[in-house]
Amino acid sequence: MKTSTISASAARWGMGLLWVIAFLVLMAGDAVAHGVTEGDKGYIQEITGVHLISFLYLGAKHMVTGYDHILFLFGVVFFLYRLKHVGIYVSLFALGHSTTMLAGVFFNIGLNAYLIDAIIGLSVVYKALDNIGAFQRWFGVQPSTKAATLIFGLFHGFGLSTKLLDYDIAPDGLFPNLLAFNVGVEIGQFLALAVILIAMGFWRRTTSFGQHAYAANVVLMCAGFILIGYQLTGYLVA
């Protein structure tokens, strides 16, 4: 009886985690796009030179508060049981977003923030559909999950670079500051991923995980559609 109660509680906690993230996406509005706060933006615009700690902190904050990134990571690791596989997929995602984030800012590649964030929302929808086997059922093919993770990582990176360009960073010390920001992003990603994996570890030990897996990915897909809707609405009215 006690074990059954613990298992039921863990299952509810696992589903609850995803519902909380989805609720935050729904209520966050503009914060969904992990936008630049006025305080952070003002501080960055005032300083020049190398400020590694500041940019390290901003990078970590950017990732931890980026609900779209967290939702995508949640979908990526949902059915990954071995740390080796988690490491491969997270590394592909990191390679993608690091490449376009650094290149986007360093070469001043300006993209429409709303459209990029809508594509990031699409990545969440895609991953949820992939997790429930929709592509195999609908089209009879299974797209490469590794290639998709890398490609969507590139778009996530442009989302980061687009926000970074809003900082109007001084050219003095730009490259080391960008590297520090990227390291901060990876630290934030590691922290978010650690929480997700711990929660998933408890949830997977329950007998109801298989029953709730489909529903969880439907919730994930709905959160992705909400993200897309917010960003396309912003694009149309901006």
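So, helices: the protein chain has 10 of them and zero strands, where a helix is a DSSP run of H or I with at least four residues, a strand is a run of E with at least two, and numbering goes from the N terminus. Before I go on, this is a predicted model, where local features need pLDDT of at least 70, side-chain atom pairs count only at pLDDT 80 or more, and totals for chains, interfaces and linings use all residues. Residues are numbered from 1 along each chain as its sequence is written, and side-chain values use heavy atoms, with hydrogens and water left out.

Okay, burial. Of the 238 residues in the protein chain, 49% are buried; that means under 20% relative accessible area, with exposed being over 50% and partly exposed in between, using a 1.4 Å probe and protein chains only. Now contacts, meaning heavy atoms within 4.5 Å. Take those with a separation of 6 or more: 88% of them are between residues 24 or more positions apart.

On to the rings. We have 13 aromatic pairs in the structure. The rings are Phe, Tyr and Trp (its six-membered ring), and they pair if their centres lie within 6.5 Å; planes under 30 degrees apart are stacked, over 60 edge-to-face, and the rest tilted. Tyr126 and Phe152 make a tilted pair, 5.3 Å centre to centre with 50° between the planes. Tyr126 is in helix 6 and Phe152 in helix 8 (residues 145-165), so this pair ties together parts 26 residues apart in sequence. Tyr126 is buried at 17% relative accessibility, and Phe152 is buried at 11%. Then there's Trp203 with Phe209, an edge-to-face pair at 5.1 Å centre to centre and 90° between the planes. Trp203 is buried at 0%, and Phe209 is buried at 6%.

Last bit: charges over rings. That needs NZ of Lys or CZ of Arg within 6 Å of the ring centre and within 35 degrees of the ring normal. The charged end of Arg204 sits over the Tyr81 ring, 4.5 Å from its centre, while that of Arg205 sits over the Phe202 ring, 5.7 Å from its centre.
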